[in-house]
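Here is a short briefing to read alongside the model.

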Amino acid sequence: VIKCKAAVAWGAGKPLSIEEVEVAPPKAHEVRIKIIATAVCHTDAYTLSGADPEGCFPVILGHEGAGIVESVGEGVTRVKKGDTVIPLYIPQCGECKFCKNPKTNLCQKIRVTQGKGVMPDGTSRFTCKGKQIYHFMGTSTFSEYTVVADISVAKIDAAAPLDKVCLLGCGISTGYGAVVNTAKVEPGSTCAVFGLGGVGLAVIMGCKVAGASRIIGIDINKDKYAKAKEFGATECISPQDSKKPIQEVLVEMTDGGVDYSFECIGNVGVMRAALEACHKGWGVSVIVGVAAAGQEISTRPFQLVTGRTWKGTAFGGWKSVDSVPKLVTEYMSKKIKVDEFVTHTLPFDKINEAFELMHSGK
């Protein structure tokens with residue numbers, strides 16, 4: 001058993017508490033990882049808020065991390081002690097019908113137990129003050145050591161800077177993959193990106209890599225425009241600058257609508273606007289943002305009858321074990337940006353400040 005620091009969420013709506021936790025050794029087909037760097041994501045904040053119906057407490061959150069394998073359980077062949085790895089919230093077992101189908105990356109092997117906050121055998125590897133602590137998204141990167149299933153880990157280039165590539169565990173991969181895997185944006189396309197946070201910037205980057213000729217960024221926070229243009233946005237607009245609905249503004253700006261739109265917020269009203277901003281006959285809108293539980297999307301069916309397509313994406317459609325190492329290689333060879341997404345680097349005990357910076361849009 002390893003004793004180490006972790007940021008424990010004792011209950012919904014409370015700040016994270018830095019505690020000493022005990023991390024049990026990995027069982028069969030499990031891997032214990034020393035986490036070197038972790039990022040914060042709105043998904044962590046969503047569960048912490050109490051709005052997530054799958055959220056269970058007390059829990060160690062975090063799902064964008066990178067580290068070094070400390071030890072492996074019986075039967076583990078994919079990685080060994082000392083390997084540099086990124087934990088994966090969508091695993092890749094290679095055996096379930098989802099893994100065998102090229103159309104999806106949604107491995108279901110450990111979905112049920114992962115959703116309940118436990119390891120595949122139904123138990124937790126974390127204890128604190130004598131209490132069992134739940135796992136989160138199969139990763140729990142807000143701990144100096146974590147235990148994950150061996151299908152939930154990608155071995156990456158040992159030379160990669162972990163304080164940067166941890167971001168490939170969720171946000172950057174999700175936005176970039178939404179463009180290249182889910183939408184399959186073609187050269188010369190016109191694209192609209194709703195929400196210019198980390199995921200939206202990754203979408204913009206993907207559109208640029210795909211050769212889009214026009215990339216329109218949409219956000220009410222104009223402080224985000226300069227960064228969006230650095231990533232490849234050709235123009236940025238605010239829905240608050242016009243009396244007309246944003247979809248009408250976009251349709252007028254683009255002679256009938258955009259070829260592709262991406263919703264990177266998780267707002268069902270914006271999802272509708274993103275679809276309706278698409279061009280009749282061929283426009284495709286991809287939902288990337290995760291809306292709160294129980295919310296529903298709506299539009300007039302005629303929008304779809306007249307040739308628009310509504311799609312969704314999880315982790316950018318990447319088959320995780322196979323793809324994350326390749327994304328690290330693309331970053332190392334300067335095909336995709338990662339460093340530019342990092343705005344602040346804080347010590348672990350300032351994790352609550354990191355959430356405040358995220359909520360303030362900084």
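Two residues are in contact here when they have heavy atoms within 4.5 Å of each other. With that cut-off, and leaving aside neighbours within four places in sequence, I86 is in contact with G65, A66, S152, V153, A154, I156, V165, L168, G169, V324 and V328. Please keep in mind that this is a predicted model.

**Nonpolar cores**
- I86 also belongs to the largest nonpolar core, which has 81 residues.
- The residues with the most contacts inside this core are I86 together with L16, V165, L168, V185, I204 and F262.
- Both domain 1 and domain 2 supply at least three residues each to this core.

**Domains**
- The domain assignment places residues 2-169 + 319-353 in domain 1 and residues 174-314 in domain 2.
- Taken over C-alpha atoms, the centres of domain 1 and domain 2 are separated by 29 Å.
- Where the two domains meet, 14 residues of domain 1 are in contact with 14 residues of domain 2.

**Helices α1 and α12**
- Helix α1 covers residues 42-49 and helix α12 covers residues 351-359; they pack with axes 11 Å apart, at an angle of about 105 degrees.
- Angles of 65 to 115 degrees count as roughly perpendicular, and α1 and α12 are therefore roughly perpendicular to each other.
- On the α1 side, H42, D44 and A45 make the contact, and on the α12 side F355, M358 and H359 do.
- By type, the residues of this contact are three nonpolar, two polar and one charged.

Conventions:
Residues numbered from 1 in each chain as written. Predicted model: local features only at pLDDT ≥ 70, side-chain atom pairs only at ≥ 80, totals over all residues. Heavy atoms only, no water. Axes fitted to C-alpha atoms, helices over the stretch in contact; angles between N-to-C directions. Helix = DSSP H or I, 4+ residues; strand = E, 2+ residues; numbered from the N terminus. Parallel < 35°, antiparallel > 145°, perpendicular 65-115°, else oblique. Nonpolar A, V, L, I, M, F, W, Y, C, P; charged D, E, K, R; others polar. Core = buried A, V, L, I, M, F, W, Y, C linked by side-chain atoms within 4.5 Å. Buried < 20%, exposed > 50% of the residue type's maximum accessible area, 1.4 Å probe, protein only. Domains from an automatic or database assignment.
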